[in-house]
Amino acid sequence: MGSAFIPIMIDAFSVGGLYALTALGIGLIFSVMRLANFAHAEFVTVPAYALFVLSDHPVVVSISAAVLVAVVLALVTERAAFRPLRGIDPATMLIASFAVSMFIQRLLVFAFDSRIKPVNPLAVLDGSVALFGAQVNLLKLTTVITCLVLLIALTVFLKYTRFGLEMRAAAEDFTMSRLLGVRANRVIATAFVLSALLAAVVAVLFSAQTGFVHPRFGLQIVIIAFVATVIGGLGNLLGAAVGGFLVGVVSTLLQALLPPDLRPFREAFVFLLVILVLLFRPQGLFPARGLKERI
Amino acid sequence: MTALLEIRNLTVQYGRINALTDVDIDVSEGEIVSIIGPNGAGKTSLLSTIAGVVPAAGGTITFRGEDILRLPLEESVRKGIALVPEGRHVLPGLTVLENLRLGATIRSDTPEVRRDIERFLDAFPILRERRNEPAGRLSGGEQQMLVIARALMSRPRLLMLDEPSLGLGPQIVDKVYDMISDTRDQGVTILVVEQNARRALAVADRTHVLNGGIIRLSGTAETLSGDPDFEAAYFGLRSVADG
Ligand SMILES: Nc1ncnc2c1ncn2[C@@H]1O[C@H](COP(=O)(O)OP(=O)(O)O)[C@@H](O)[C@H]1O
Ligand SMILES: [Mg+2]
C-alpha cells in the first residue's frame with residue numbers, strides 16, 4: 001500500500017463523514033419525536049438544486065442560499081406535515097415522511113425534469129495538496145475537516161448549551177421534559193433546523209464530489225444513512241454518527257481493496273455486514289436508553 | 001379563605017372508562033392536602049389532568065383565579081405548578097446536575113439558579129458526590145430526592161407528588177416525607193397522592209379518599225381514622241359507594 005494508504009483513508013473518511021452527518025440529521029429528529037424522516041433525502045436534494053440554480057453566482061451566495069433553502073424547507077415540512085401527526089405511532093409517521101419525500105421529488109421533476117444537472121459549487125477546491133508525503137485531493141480533505149468540525153460543533157451545542165440540554169432531555173423523556181417547561185414546538189423546530197443545516201452541508205460537499213444533481217440525489221445517501229442509524233442504534237446520536245461513519249469507510253475500503261471482479265458487489269458486502277451486526281446486536285451497536293413517551 | 005387550586009365537577013375519561021367523576025377539591029395556600037386511594041382509584045389521572053398531561057372531559061380547574069384546564073402542559077410549570085410524577089422520571093442519561101438545571105428551565109435568573117442548586121447539593125451530600133453521574137445510576141431513594149429537588153427548582157407555588165413513597169424502604173420514606181414537610185414550611189403548597197394511607201394522612205392538613213374516580217370521604221387524619229366508614233371508603237365497599 002505505502003503511499004496509497006493516506007489517500008485511500010482520506011477518501012474513506014470523507015465518505016464516512018458524509019454518511020455520519022446524514023445519519024445524525026436523521027437521528028436528531030428521530031430522537032426528539034420518534035420520526036424516522038425519510039424526507040431527509042429532499043433536505044439534501046433541494047439545497048443541491050439551489051446550488052444548480054445559483055451556479056453563476058459567487059460561492060458564498062449559492063452556499064448561503066442552499067443552507068437557507070434547506071432550513072426553510074425543513075421548517076415548512078415540520079409545520080405542515082409532521083406537527084399535525086405528532087404523537088402518532090412511528091410507523092404512520094414514517095409513511096407520512098415517505099409521502100412528503102415523494103411529493104417534493106415530484107415537484108423537482110416537474111420544475112427541472114428528471115435529467116441530471118451539472119453542479120460544481122466548490123470549484124476552488126479542485127487539485128491536490130501534499131500530506132505526509134502523499135498527494136491528497138483537496139475537496140476530500142476539506143470534506144473530512146468539515147465533517148469533523150461539524151461533529152465537534154454539534155457535540156458542544158448538545159452538551160454545553162441550554163438548547164442542547166433541552167434537546168437531550170426531550171430525547172430521553174419528552175413528556176417529563178415538557179412538565180419541566182421545555183417547549184415541545186421549540187425543541188422540535190430546533191431539531192429540524194439542525195437536521196437541515198447538516199443536510200445542506202452534505203448537499204454542498206456531496207454534489208461537489210459527484211458533480212451533478214438529480215431528483216433522487218439525496219435518496220441514495222439517505223437510504224444508506226438509514227441503514228447506518230439502525231446499525232448504530234436507533235435513537236442514539238453517537239450510534240448514528242459511528243454507524244454512518246463505519247458504513248462509509250467500509251464501503252469505500254471495499255471499493256479500493258476488493259479484487260476488481262468483486263467490486264460491483266461492494267454494497268452486498270456492506271449489507272452482509274449490517275445483517276451480521278443486527279444478528280449479534282439486534283438493538284444496534286449502541287442501544288438507546290429510555291424510548292419512553294408517556295408518564 | 002380563597003383557594004389556590006379549585007377543582008369543580010372534574011371528569012376524566014379514557015375512551016369509555018371514567019377515571020374521575022365529578023371531583024371537587026380545594027387546596028388553599030400553605031396547606032398540605034393528600035388524596036389516598038387504592039390502585040386504579042384515579043389518583044394519577046387527577047394530577048395528570050391538573051398538570052395538563054391528560055385532558056378533562058368536563059369540569060373546571062382554576063389556579064390562582066385563572067382557568068388552567070386547556071393550557072398546554074409545558075405552561076403549567078410557568079403558572080407555578082410542579083408535578084413529581086409516579087415512578088419518579090429522572091432523565092436517566094443526564095447527570096444529576098443537568099437534571100437540576102432542567103428543573104429551572106423556566107427561570108432566567110442564572111446566579112439565583114446556581115445558588116438554589118448549591119442549596120440542594122448541600123442538603124443532600126449524596127447528590128453532590130454524584131452530581132456528574134447519570135441520574136439513572138442513583139438508587140430509588142436518591143432519585144426521589146432528586147426529582148423533588150428538580151421540581152422545586154422551578155420555584156413552584158404548588159408542588160404535586162404522585163406516590164412519592166412507592167417502592168422505597170421505610171427510612172427513605174421518612175426522608176421523603178421530611179422533605180415534603182420542609183417544603184411546606186418554606187411556603188410551598190402541597191398536593192400529594194398515595195396508596196400508602198398512613199403517611200399521607202399524617203403529613204396532611206386534610207385528606208380525601210378517592211375510589212373508583214369518586215371522592216368517598218374527606219377530613220383530617222383524626223376525623224378520618226375515627227370514621228367507621230373509612231376502610232369501606234378506601235377499599236370501595238358498595239354501602240359507602242352508594243350511600
Ligand atoms: N392511558 C390510559 N388509558 C386507559 N385507561 C387508563 C389510562 N390511564 C389510566 N387508566 C384507567 O383509569 C383508571 C384510573 O387510573 P389511575 O389514574 O392511574 O389510578 P391510580 O393512579 O389511582 O392508580 C384505572 O381504571 C386505569 O385503568
Ligand atoms: Mg397512579
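Reader: At 25% relative accessibility, does B:Arg128 count as buried, partly exposed or exposed?
Author: Happy to start there: this is a predicted model, in which local features need pLDDT of at least 70, side-chain atom pairs count only at pLDDT 80 or more, and totals for chains, interfaces and linings use all residues, while side-chain values use heavy atoms, without hydrogens and water. Residues are numbered from 1 along each chain as its sequence is written, with chains lettered from A and ligands numbered from 1 in the order in which they are written. Buried means under 20% relative accessible area and exposed over 50%, with partly exposed in between (1.4 Å probe, protein chains only). At 25%, B:Arg128 is therefore partly exposed.

Reader: Which residue forms a salt bridge with B:Arg128?
Author: A salt bridge puts a side-chain nitrogen of Lys or Arg within 4 Å of a carboxyl oxygen of Asp or Glu. At 2.6 Å, N to O, it is B:Asp122.

Reader: Where in chain B does the salt-bridge partner of B:Asp205 lie?
Author: B:Asp205 pairs with B:Arg184, their closest N and O atoms 2.8 Å apart. Helices (H or I, at least four residues) and strands (E, at least two) are DSSP runs, numbered from the N terminus. The two residues are 21 apart and link distant parts of the chain: B:Asp205 is in the loop between helix H8 (197–203) and strand E9 (206–211), and B:Arg184 is in helix H7 (residues 170–185).

Reader: Is A:Glu78 buried or exposed?
Author: A:Glu78 forms a salt bridge with A:Arg86, at 3.0 Å between the closest N and O atoms. A:Arg86 is partly exposed at 26%. With 2% relative accessibility, A:Glu78 is buried.
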